[in-house]
Amino acid sequence: MLRIAVCVKAVPDPKEATRIKIDPVTRTLLRRDVPLVTNHLDRNAVEAAVQLKEELDAHVAVISMGPPPAETIVRECLALGADEGILLCDQAFGGADAFATAYSLAKGIEKMGGFDLVLCGMASSDSGTEWVGPKIGALLGIPVVTAVREIVERDGRSWKVKASLENGYRLVRVRLPALLTVTRELNTPRALSFSGIVSARKKEITEWGINDLGVQEEAVGLRGSPTITANLTIMNGKDSKRAVEMITGTREEAAERLVEKLAAAGML
Amino acid sequence: MPMHDNMGARCGAVWVIAEQTDGRIRTGSLQLVGHARKLANQLGTCLEVVLLGGNLVGVIQPLFAAGADRVYLGNDPDLALYQPEIYTEMVVKLATEQEPEIMLVGSTSMGRELAPLVAARLQTGLTAHCIDLVLDENGILEQRVPAYGGLVSITCPDRRPQMATVARGVFPMPQLDEDSTGEVVPLDVPDEVPGRVQTLEVIREEPEGVPLEIASVIVAGGAGAGDLDGWCKIADLAKVLNAALGSTRPAVDEGWIGLETMIGQSGKVVSPELYIGVGLSGEMQHMVGITGAKVMVAINSDAKSPVFEQVDYGVVDDCRKFVPVLVEKIKEHRERALSRSSRSHGPTSI
């Protein structure tokens, strides 16, 4: 049996994320109740796992670290076809940077038992660092391939994958157990089905805190984070070299005037 | 765990992990070396570069010309392609021995994989896709990244090295001093690498249409497209202008277009003559990717959108309705221009 762990993150809905701003007075984030959704690329990771399960004898566990409301996205992954859900949820995990997050998730994956394959989305839409996946792999001591866009060949435990580059791809051979981070090109995530939602209600979500993981409070969350975020400064982004000229009028007029301006500047 | 002792500790070197393609040091690596030189001067320490590759004879001089004091050179056929296990092992081993103060890596495909693998092994911090790096009054590296309509400074006060990947094109090309030389320290390839992951081949793919990096006209779309149908209208505008089509993170997240079209901090850096931003709000993550555009235009339904503070011409309208009209007007303009030119240059009647 192929044992697969998929790491997922609850992120502010990217459609509304631009509403999150820095409070000019308190310098803290104004979250404005933006709803949490499953990070887009993590859905590609879940889809990849579920497709493997449909083809092979596989068990899919989903693991997430987040506040209690993150349970809804773990539940969603169960409805999409995962067998088991784990939520790392503890005040002590709060304020974690990529290293502390990867450390906690790696400890969670270790506690869940041996894994043949760990899948992560390549990046999260909120912080966008791309670090958590490869750091989990490094901490678990297993090989890592980032930005996987295609699984070309599976020969037992020796897999061949395509990993995206700026201007092409790398053909990589990797031996399981391994961690792969995946891109959008890998697959098209399925939509939630009614029967999936119903069956997810019967599946169990296990919650683990630091005592369950057997980790020190100093090693996780803000205290376990090597990096400190400071100096939230507000940038209005104003480009002093440019003074905007607003093009007004009816839609037709504005389009006509914009064309004139661009033509006059030699741009058409 | 490498812990930093602020009291009386000799400051380690500033490091840059450089990259080369086809026997040439990448421009981004030289820009990074140029900026790292300034940081090393301010700290009163050396600037050292790590370069790994397969055939590096006669390749490294530009690194000295850009300001490196020392180059750690791994030159071996086994290093010709980026091999994550060997590369990670070599950088981790060297960093453990040498204890650099700062380690900078370009936000390239390789850098974005290698940096977190190295940082996790060294149990130190790593900041992603910085757009600026400065030293504070205590000599701590402030690693600046845009976030939530502001700029955030990230520091790694207690562990070493302080590691960051750096967005493309944010530092200028340094003045190259062709006569500069420095020390070359050859590195051995470790023989005890497990070989669990191996790059077999690197395949280049040419993108369709005009590449963003060299396009003179760019149309970039964002979340304001609303859906795929709205996105296609923006793509039509790019087509009629013979422009390259760029995007913001939300458009990529929605699946309207591929990641390779993303402009900005974690994407591409462009410098077109004409930039038209459609249905995007001018977030710094995107705008830092546009340098030196002659004319900038924004179309956005929100009159208060910050994008209007960063462009020359602005139109407040729903882009899904406005853009098709604009496309028609551009076509009409073209036809008029064409008929004028055929009148003036056409055959004269006898």
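Which residues in helix 2 of chain A meet which residues in helix 5 of chain A? The first close-up takes that one on, and the others visit a few more spots in this predicted model.

**View 1. Helix 2 packs against helix 5 in chain A.** From helix 2, the residues involved are A:Arg75, A:Leu78 and A:Ala79, and they meet A:Gly196, A:Ile197, A:Ala200 and A:Arg201 of helix 5. Sort this contact by class and you get four nonpolar residues, one polar and two charged. Helix 2 covers residues 71-79 and helix 5 covers residues 194-202; their axes sit 7 Å apart, at an angle of about 115 degrees. The crossing of helix 2 past helix 5 is right-handed.

**View 2. Two domains of chain B and the contact between them.** Domain 1 takes in 14-186, and domain 2 takes in 212-345. At the contact, domain 1 supplies 14 residues and domain 2 supplies eight residues. Together the two domains bury about 810 Å², with 59% of that on carbon and sulfur atoms.

View 3. Chain B as a whole has a mean pLDDT of 90, with 94% of its residues at 70 or more.

**View 4. A cis peptide bond in chain A, between A:Leu176 and A:Pro177.** Omega here is about 0 degrees. Look for A:Pro177 in the loop that links strand 11 (168-175) to strand 12 (178-182) of chain A. Most peptide bonds are trans.

**View 5. A cis peptide bond in chain B, between B:Arg160 and B:Pro161.** This bond has an omega of about -5 degrees. B:Pro161 sits in a loop too, between strand 10 (150-155) and strand 11 (162-166) of chain B.

**View 6. A positive phi at A:Glu130.** The phi of this non-glycine residue is near 70 degrees. Most residues other than glycine have a negative phi. You'll find A:Glu130 in the loop between strand 8 (117-121) and helix 4 (132-140) of chain A.

How values were computed
Residues are numbered from 1 along each chain as its sequence is written. Chains are lettered from A and ligands numbered from 1 in the order in which they are written. This is a predicted model: local features need pLDDT of at least 70, side-chain atom pairs count only at pLDDT 80 or more; totals for chains, interfaces and linings use all residues. Side-chain values use heavy atoms; hydrogens and water are left out. Axes are lines fitted to C-alpha atoms, for helices over the stretch in contact, and angles run from 0 to 180 degrees between N-to-C directions. Helices (H or I, at least four residues) and strands (E, at least two) are DSSP runs, numbered from the N terminus. A crossing is left-handed if the near helix is turned anticlockwise from the far one by less than a right angle, and right-handed if clockwise. Contact means heavy atoms within 4.5 Å. Ala, Val, Leu, Ile, Met, Phe, Trp, Tyr, Cys and Pro count as nonpolar, Asp, Glu, Lys and Arg as charged, and the others, Gly among them, as polar. pLDDT is the predictor's confidence in each residue, from 0 to 100. Domain bounds come from an automatic or database domain assignment. Buried area is the accessible area (1.4 Å probe) that two parts lose on being put together, summed over both.
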